[in-house]
Amino acid sequence: MPQRDGENTPSAMTGVSLEVRGVSASYGEVRVLQDISLTIAPGEFVALLGSSGCGKTTLLRSISGFVPVDDGQILLAGQDITNRPPDKRNMAMVFQSYALWPHMTAAQNIGYGLRLRRVPQADLKRRVAAMLDLLGLEGLGERKVTQLSGGQRQRVALGRALAIEPQILLLDEPLSNLDARIRQTVRHEIKALQEQLGITAVHVTHDREEAMVMADRIVILDAGHIVQVGAPEEVYNRPASPFIAAFMGADNVVDFTVERANGRVRIPAAEHNDEAFLPAGDVSGAVHLVGDCNGPVQAHFRGEAAGLVSGEEIPPDSLVLRGRISQSSYPGGFYRYAIQVGAQQFMVDDPRPLSVGAAVGISLPAASLHLYSP
Amino acid sequence: MIQAAWIPRAIILGLFAFVIFGPLANMLLWAFTEVWYFPHKLPVEWGFGFWARVFKPRGNAMLSLNNSVVIAIFVVITCLLVSIPAGYALARGRLPWRSLILVAFLLPQAFPSVAVHINIARIFYGFGLNGTFVGVVLVHTVQGLVFSVWIATAAFSAIDRELEEAARNIGASPLRTFFTITLPMAMPGIMASAIFVFLQSLDEFTGTFFVGVPDIMTMPLLLFTASMEGNYQIASITALILLVPSVFFMLIIERFLKADVLAKVGS
């Protein structure tokens, strides 16, 4: 959807703060949320990220009022709304299924919330038209929603939510029903629109990249608990636990026994790795340490951060794992090798053609390593 | 051998056609007969004489047609007043005895109709409802509720709950949501159930016979009386009149009721 300036957009909405204070919720006997606390600033875009069943959708539904909370409070702009019915919360949700009403046209869907608010007919028409315009749906207002494409329906659903100028926009995996290609552009469109309108947004997703691209802050949930909150760079570069590291893509795991010395981490040479003496602490290019990291640790790294070295060379401030190429393929632009290191196999990309069976080293720069003490 | 394969098929089709259309053809013949007696294969004299008698402004037939239609309309209204809230509650609420309640509406159909209606007549007698308009409407309603409650439940079940949540979410009260989202979406199924109930009431015989006779005369009762008196012309014309709304509404129902609604009946 094209960017437009002030005059065509609906009147500026001002986001408000949202606070979740010690909220617990359950479905029947099953506790789905455990003591969740979260503060969202006005105009902030927060993504709730987690695998399915982690409670992220339940948290969103608690905020919107569809799931009653057992315990705790939800505050909107400082006001307690914990027991308010969903229609009195002045929030708007974009549903995963879009939940558009098939017996109405696109314009009627978008105008529904305004009609509820007794907006005069002429004003309503103008605002619906402006919304259609803003979303790049000019001329489609009179279509039944069943006659629209997936991307267009998604926009109508977004328009219906934005038309009421809500204080909070809730997005429940709104992109998961779109093709991969459309999804890429819609991400940026929603983000741009949210910034333009200055609205506070909470976005539920299981797609790491989607959360990274769209959100100002990412909240990672696991089994009904918040396990990390931070800016995209923060959760990507400094995952707080092995679970988060694996979830954020650092899913290659090697066990080591390390020792700390002079502010550095020493990994002694072993059967499958050379000795390494890596920078640690508050310097750039340092290993990311969680826990005291003196003794046995679990090391996580991303496949794409690894490089291949042949021979005995060791790049500076890097750990080198020794193994053999067991498989090679050419996905385009580079070769993808499966490297057998002991009992484990790692996928590493490299531009050089190498033969299967060759002895190689996987070099891991210190900054790409995350070490976790048990 | 292969060429002769159509013969048994043609015979079977012919038999079917005879079974289905034979009585109808007989009815059509009688409707336009003035005089017809044994051993003639076809009516001796044709004409519209009996039509004039049936449609006589103050005739029995017009009176009972009028009764039938008015009763049917009231039955439809009563059924919808019960089935819309009941269907919604059964589809949405977590009622503890859900399937039991659904079966309860079936019960009147499960027992022999004569036995049920004799007892209803006995009970109604105590309330002074026998021979009254209200009594007949009530008897028809009991039968109509089977269709209307089951179909309404299915129609409401077929609506995705998120569609209602979407309305609540942007500020609609529960009642507003029901009237602007839920009910319009369930309307095709509810219309279909209303038509079923209307037709059922129009054709109802046993209950009307036990509760309404002799004060309330409806088309099926007139048809019965006319056939018993050997007045086949009047009976045939009455039957033809009853056939018109049935065929007309059946065609409409076919357009209204979608497969996804039918699939939810009883689920």
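Modeller: Here are some questions and answers on that contact.

This is a predicted model: local features need pLDDT of at least 70, side-chain atom pairs count only at pLDDT 80 or more, and totals for chains, interfaces and linings use all residues. Residues are numbered from 1 along each chain as its sequence is written, chains are lettered from A and ligands numbered from 1 in the order written, and side-chain values use heavy atoms, leaving out hydrogens and water.

Biologist: How many residues does domain 1 of chain B bring to the contact with domain 2 of chain B?

Modeller: Chain B splits into domain 1 (3-47) and domain 2 (58-263), with bounds from an automatic or database domain assignment. Contact means heavy atoms within 4.5 Å. Domain 2 of chain B gives 7 residues, and domain 1 of chain B gives 7 residues.

Biologist: What area do the two domains of chain B bury between them?

Modeller: Buried area is the accessible area (1.4 Å probe) that two parts lose on being put together, summed over both. In domain 1 of chain B, B:Met27, B:Trp30 and B:Ala31 lose the most, together 76% of what that side buries. Carbon and sulfur atoms carry 78% of the total between the domains, which is about 620 Å².

Biologist: Which element gives the most to the side of domain 1 of chain B that touches domain 2 of chain B?

Modeller: Elements here are DSSP runs numbered from the N terminus: helices (H or I, at least four residues) and strands (E, at least two). On that side, α1 (6-31) and β1 (33-35) of chain B each supply at least two residues. The top contributor, with 5 residues, is α1(B).
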